[in-house]
Amino acid sequence: MAQAAAVAKPPAPPRRRRASAAPRRLPYLLIAPAALLMLGFIAYPVLSVFWYSLRDYNPTKPWRNGFAGLDNFTRIFTDDPLFWDTLVFSAKWVFVEVGLQLLFGLALALIVNQTFVGRALGRALVFSPWAVSGVLTSAIWVLLYNSQTGITRYLADMGVGEYGVSWLSDTSTVFPAAVVADLWRGVPFFAILILADLQSVSKDLYEAAEVDGASRFKQFWHITLPHLKDAIILSTLLRAVWEFNNVDLLYTLTGGGPAGTTTTLPLYIANTSVDAHDFGYASALTTVAFVILLFCSTVYLRLSKFGGEK
């Protein structure tokens with residue numbers, strides 16, 4: 001009986017082998033070199049800026065170098081009117097540029113999204129300015145604004161304006177001239193992102209709206225814009241950060257002039273560090289700019305409800 005019971009007893013299930021940890025670690029080992037390089041190239045400069053913001057550091061005056069504590073930040077908020085002037089101009093520059101770039105970029109995206117002869121060539125022409133570097137863009141517009149060979153010379157030949165007028169040297173015209181130059185390069189950025197999102201809008205929605213008698217404007221307002229909500233929020237945020245940090249175009253076009261009227265906060269930081277060699281104070285300005293951008297970006301994403309229901 002005991003032998004029969006032993007035979008009838010089902011065999012024990014085989015033991016599961018513990019999965020080797022090596023395959024699970026392999027993806028992390030493969031990306032580790034790139035992650036370490038990114039950490040070194042990003043984290044170290046950022047931490048260095050925070051460290052130097054607490055110090056007086058000027059290579060040309062080493063006897064003054066040392067720990068300064070919060071003195072640089074106190075100087076920014078209480079004893080530096082240029083900080084507030086450049087911050088106000090930076091806000092103005094970002095608001096005007098991003099608003100106009102979004103408006104024209106949306107219009108261009110809607111146009112090149114239509115079916116017409118030569119659409120591929122039209123898209124290439126629309127997007128081509130985005131492939132041009134900022135310094136080269138500035139050089140092009142410096143030539144266009146040249147008082148002897150540029151736009152003003154041809155306008156004077158037609159009886160519009162006077163000879164020898166430089167829009168970049170006049171405080172009343174330098175801002176719109178710089179805005180137009182940056183629009184030429186910035187509009188394609190919005191057009192590219194918005195057009196990419198337009199490709200995913202179902203045509204059935206527009207067909208159903210036409211059957212219901214909706215006008216083109218109502219289709220745009222109730223179908224197109226809600227679908228583009230996240231693309232518009234993301235593109236405006238990215239472009240706002242880039243425009244705030246814009247240095248190359250304004251530096252090449254105006255150098256921050258005339259009389260400092262086109263000096264943004266990043267350009268002021270660049271002048272303080274490169275020209276004045278005051279790297280400690282420039283680091284403090286950079287830290288303040290970083291906090292401002294971080295705060296504004298967080299508030300903007302919260303208020304716009306990015307990623308929420310459309």
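1. Let me start with what is tucked away in H11: Asp230, Ala231, Ile232, Ile233, Ser235, Thr236, Leu237, Arg239, Glu243 and Phe244 are its buried residues. Buried means under 20% relative accessible area, exposed over 50% and partly exposed in between, with a 1.4 Å probe and protein chains only. Helices are DSSP runs of H or I with at least four residues, numbered from the N terminus.

2. A word on the basis: this is a predicted model, where local features need pLDDT of at least 70 and side-chain atom pairs count only at pLDDT 80 or more, while totals for chains, interfaces and linings use all residues. Residues are numbered from 1 along each chain as its sequence is written, and side-chain values use heavy atoms, leaving out hydrogens and water.

3. Which helices do the buried residues of H11 pack against? They are H4 (81-112), H8 (174-198), H10 (216-227), H13 (265-275) and H14 (279-304), with contact meaning heavy atoms within 4.5 Å.

4. H8 and H11 pack at about 155°, their axes 10 Å apart; axes are lines fitted to C-alpha atoms over the stretch in contact, and angles run from 0 to 180 degrees between N-to-C directions. That makes H8 roughly antiparallel to H11 (angles over 145 degrees). The H8 side of the contact includes Phe189, Phe190 and Leu193, and the H11 side includes Leu238 and Trp242.

5. Leu193 lies in H8 and counts as partly exposed, at 33% relative accessibility. The C-alpha atoms of Leu193 and Gly105 are separated by 9.1 Å, though these residues are 88 apart along the chain.

Note on methods:
Helices (H or I, at least four residues) and strands (E, at least two) are DSSP runs, numbered from the N terminus. Angles under 35 degrees count as roughly parallel, over 145 as roughly antiparallel, 65 to 115 as roughly perpendicular and the rest as oblique.
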